[in-house]
Amino acid sequence: MAGGRSTGAAVARGPVTISFAGYNRAWASWIADRLERRGVQVALQRLDITPESSIEDALGDLLLFEGRVLIVLSEWYFRLGPRSHEEWNTALRRIVPPNSERFAAVSVTPAALPSAAAALGAADLWGLGAPEAERRLLTRLGIDARGSAGDPRGGADGPRFPLEQPGVWGSVPRRNTRFTGREEVLGEMHQHFQQANPGAGVVTLFGLSGVGKTHIATEYVYRFGPEYDVVWWVRAAERATLREKLAGLAPALGLVTGREYGERLRAVRDALRRGEPYGRWLVVLDGADQPDDIHDLVPSGPGHVLITSQNREWGEHNSALIEVPVYDRVESVAFVRRRAPRLDEADADKLAEALGDLALALDQNAGALNDSNTPVDEYIELLRHGADIEPGLKVAADFQMTYYTAFSILLNRLREDKPEAVDLLRLCVFFAPGPIPVRLLRDLPIREVPEQLGGLMDDPLLWNSAISKLAQWSVIQSDPQETTAEESVGSTEVVQMHRLVYQAVRADMREEDLNTYSRVVRKILAAADPGRPSDTRLWPRYAEIVPHLESSGALESTNPEIQGMVLNCLRYLYLSGEYQTGLRIAETATGQWPQLLEAGHPRLWDLVHHQANLMRATGDYAATEAIDRAAYEQLLADRGDRDLLVLRAAGSLAADLRSLARYEEALSLSQLVREGYAELVGAQDSLTLNAQNNIALTYRLLGRYEDAMMLDQDTMEARREVLRDRHNWTLSSENSFAHDLRLLGRYDQATSVQERNCEIHRTVLGADNPQTLRAEHNLALCYYRGGDRPRAANLLARLMERCERVLGDLDPLTVRVAATFSTFERQHGDLDRARFLGEFALREYRAQLGDDHPFTAGTLGNHGLILRAAGERQQSQIEIESSLVAMTRAVGADHPWTLGCALNATGARNFAGDPESAAELSRSTAERATGTLGKDHPLTLSCRIALATDLRNLRKRPEADKIEEEALAALSATLGPQHPHTVAARSRTRPYWDFEPFSS
């Protein structure tokens, strides 16, 4: 990369940008001060390289600054990312030599650096005194160094030379050489102190035990210590200790006092307040968890006070509060890999996930892993199942207790201070880690809870006090939750806690209490079930319940009410498109319920039904067909054919048969289901209408588009009357109706219906619901068939991305969208992308459905058209002819899909120089299309245009002209004279047909 080039002289006179790792900020600040005293304009630029970013880009970006770039070299500079020395060598060799006059460097470490760093010609400042270090710095930058030796402290206000501690330095912990990240927190602390008025420079770092507050405070001291003349660290857990340690500052300040430490303490506080003999001081009060006991001892004056605490109540005592969160995942992974070098990035990520990114837990567990040969996955399983790993944890010299012990101390403190808070905490741990809506806790009738919780839940003041106490000690976070206008009024507060707090609280409970509190939470969830999982307006309620089913023990409950709630949640998960979550819950319940319920119990059949629905939605058709057939045959034998459970099982089996392309068998079974429901519950019941919807779907798959449209229209109108206009089943019927119109060639009408349908889908179900995605897919094809290619292209591209993101690469809808997007790209976009998507769809259909399925046959034909466009005509003809044979075998000679494959085969034969065979196939295809679809259907007209072309090739011009003239007139009348099909036919471009997989 070439940066903006300058002459050497101009660069030497220009500004300097100092690039440094956060760990070396003290060096960067001192260097900046020394240069500014020489009149050099300086900018500080902390280097930040993440695992996703490019080292070359980061170095190249430095060249965007004017003047020279001075890099402060240390092992920390090259640990960012973290990245290997090999990666750094590659980047340095590409960036530095072409821009050598722009780069300079100083080295502030004795450690080995990447070999390519030698190109920077660094001046070595390590182990020197301040005058010599300054001379070498200025010489490296070509600045006259004569007379430069000055006060190593940099003057009254400048930063101290980094290798020299402040004159007063007390009890500061050793620097953590594995310190990682936290740049935002450190920057915020420094900004608070710099902007604070005299006497108000107090900052409190607060957060959960083990989150890393003390290490952040220590790092702050080392990074910014050169800005102070006094740094004094005090353990502040107890008032007496704090008084004694603060008094110990007296002799260090040179104060003359009596022997009593009370007198010395008064002298220290007075000296700090007056700023004499030092005005630049920093006092750290570490572990100050009882502000009410010690707030009167916090020093004031021109200096700064840094407090670490679990208690946010410091905000009531004139302190700025900075909450320390857990690591973000990038920080966690980087820290774990430094603590346990044997772990790769993937293993570090798994450990971070299991430990909730808590710094202390990461440190101790990564240390234990690094000292053992236990595989990471095995170790994580031990963690998840509550194994006793505490004896093997690696504790640090400056914090010689495990995080288990730290949490136990915190719980004991809460138990003594406010036992109601511990009761609330015990209730919360039977919800899943993450947000817990307070409304769920408060809505349960008091008579349903045990005595020890009754008082807490019945007394709002006691309840709020318990919540406040837990939040005060950073055990929970209590935040407002966003709601929609349709959600019911009431408390929208949520509480959440770290997953390791869950483990600590559960480990502290007796077996009897575990059973009592988990039973209460299950009742809370059951009481929150609105009972109508198909009502989209209630989906936010189910979204609150579902995360807590497993942790509450609801999946192992024998309570019929709770089992009913689980089934409703499975129905919600299916309808809302949360298939993988639903499958996981269904599989867990399937492993438990047969031991809890007698064989043949209706709820067992309910569970089978929901599990099969979820499996089918993910494309596992053969497995669901086996499950549903066994259920149907067993129920039919036990209950007869006029039974609701039997009819439901039959309907599920019919859905499997449709997916497996056994359409006639599916139709026969679906008709029996509709007749049975009409007899048992009535013709207008939603169950009967669902069965009717499935018959229309089967008609569509059979190519009976007119029959499908009429039945879908009847179902849509009935659902509007029985349900409501915006009900998700009504919207599904409207989507089907538009689909039928499109397949019949009524493109304008289909587009008009579908645009409105998609708009309501997005409003009611959300943009990423699978039903919405299916509706948008239909709309994209309406645009495409109707000739609006720009809108089709835009919608298909966005839809492809959303399906991959929301549903995954292998979801049936994702594959279906890929197949249709491929055909569009082949004709109007990027042929390489078309080939990639087409081959992906063909590969997945072969794997999921087999070579004999019509979806595979149709997609093979699409791929043949891609090969023709790529110039591979021989292989193209083979695939197109194979597609025709396979489709004929799968659905019959007169199905519209077979007619489309035949149309493509006529073109393949024509291009291969076989006009007689092409004309023969064209004539029979046009005749069969007329009989199946009607004489004015676009596919029929395309077949006649192809026939005219083939006849013309056989020099049968009069017949060809007559057929072409009639077809063109019909196309103009049906689609319009400017429709792309009409224009292409008029220009005698040979027509083709694209296969479109349908939803089954």
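**A walk through the chain**

Arg 873 sits over the face of Phe 911, 4.9 Å from the centre of the ring; a charge counts as over a ring if NZ of Lys or CZ of Arg is within 6 Å of the ring centre and within 35 degrees of the ring normal. Arg 826 lies over the face of Tyr 992 at 5.0 Å from the ring centre. Before going on, note that this is a predicted model, in which local features need pLDDT of at least 70 and side-chain atom pairs count only at pLDDT 80 or more, while totals for chains, interfaces and linings use all residues. Residues are numbered from 1 along each chain as its sequence is written, and side-chain values use heavy atoms, with hydrogens and water left out.

Let us step back to the whole chain. Its C-alpha trace spans about 120 × 80 × 50 Å along the principal axes. The secondary structure comes to 45 helices and 14 strands, which are DSSP runs numbered from the N terminus (helices are H or I, at least four residues; strands are E, at least two). Of the 1000 residues, 55% count as buried, where buried means under 20% relative accessible area, exposed over 50% and partly exposed in between, with a 1.4 Å probe and protein chains only. Among contacts (heavy atoms within 4.5 Å) between residues at least 6 apart in sequence, 68% join residues at least 24 apart.

Now for a pair of helices. Two packed helices are described by the angle between their axes and the distance between the axes. Helix H17 (residues 419-428) and helix H20 (residues 460-472) have axes that come within 8 Å and cross at roughly 80°, which makes H17 roughly perpendicular to H20. The axes are lines fitted to C-alpha atoms, for helices over the stretch in contact, with angles from 0 to 180 degrees between N-to-C directions; under 35 degrees is roughly parallel, over 145 roughly antiparallel, 65 to 115 roughly perpendicular and the rest oblique. From H17, Glu 420, Ala 421, Leu 424 and Leu 425 meet Leu 462, Trp 463, Ala 466, Ile 467, Lys 469 and Leu 470 of H20. By class, this contact has eight nonpolar, no polar and two charged residues (Ala, Val, Leu, Ile, Met, Phe, Trp, Tyr, Cys and Pro are nonpolar; Asp, Glu, Lys and Arg charged; the others, Gly among them, polar).

Leu 414, in helix H16 (residues 403-417), belongs in this part of the tour too. Leu 414 counts as buried because its relative accessibility is 1%. Apart from neighbours within four places in sequence, Leu 414 is in contact with Pro 419, Val 422, Lys 469, Leu 470, Trp 473 and Val 475. From Leu 414 to Ala 466 the separation is 52 residues in sequence and 9.9 Å in space, C-alpha to C-alpha.

Next come the aromatic rings. A search of the whole structure finds 22 aromatic pairs; rings of Phe, Tyr and Trp (its six-membered ring) pair if their centres lie within 6.5 Å, with planes under 30 degrees apart called stacked, over 60 edge-to-face and the rest tilted. Phe 78 and Trp 88 are an edge-to-face pair, 4.8 Å centre to centre with 90° between the planes. Phe 78 lies in the loop between strand E3 (68-73) and helix H4 (85-95), and Trp 88 in helix H4, so their pair ties together parts 10 residues apart in sequence. Both Phe 78 and Trp 88 are buried. Tyr 784 and Phe 824 are also edge-to-face, at 4.9 Å centre to centre and 70° between the planes. This pair links distant parts of the chain, with Tyr 784 in helix H35 (residues 770-786) and Phe 824 in helix H37 (residues 812-828), 40 residues apart. Tyr 784 and Phe 824 are buried. Elsewhere, ring pairs join Tyr 663, Tyr 845, Phe 855, Trp 897, Trp 993, Phe 995 and Phe 998 into a cluster.

The last stop is the backbone. Most residues other than glycine have a negative phi, and most peptide bonds are trans. The bond from Glu 276 to Pro 277, however, is cis, with omega near 10°; Pro 277 is in the loop between helix H10 (261-274) and strand E9 (281-286). Asp 357 has a positive phi, near 60°, in the loop between helix H13 (345-354) and helix H14 (359-370). Ala 661 likewise has a positive phi, about 70°, and is found in the loop between helix H29 (644-659) and helix H30 (663-681). Asp 357 counts as buried at 9% relative accessibility, and Ala 661 counts as buried at 14%.
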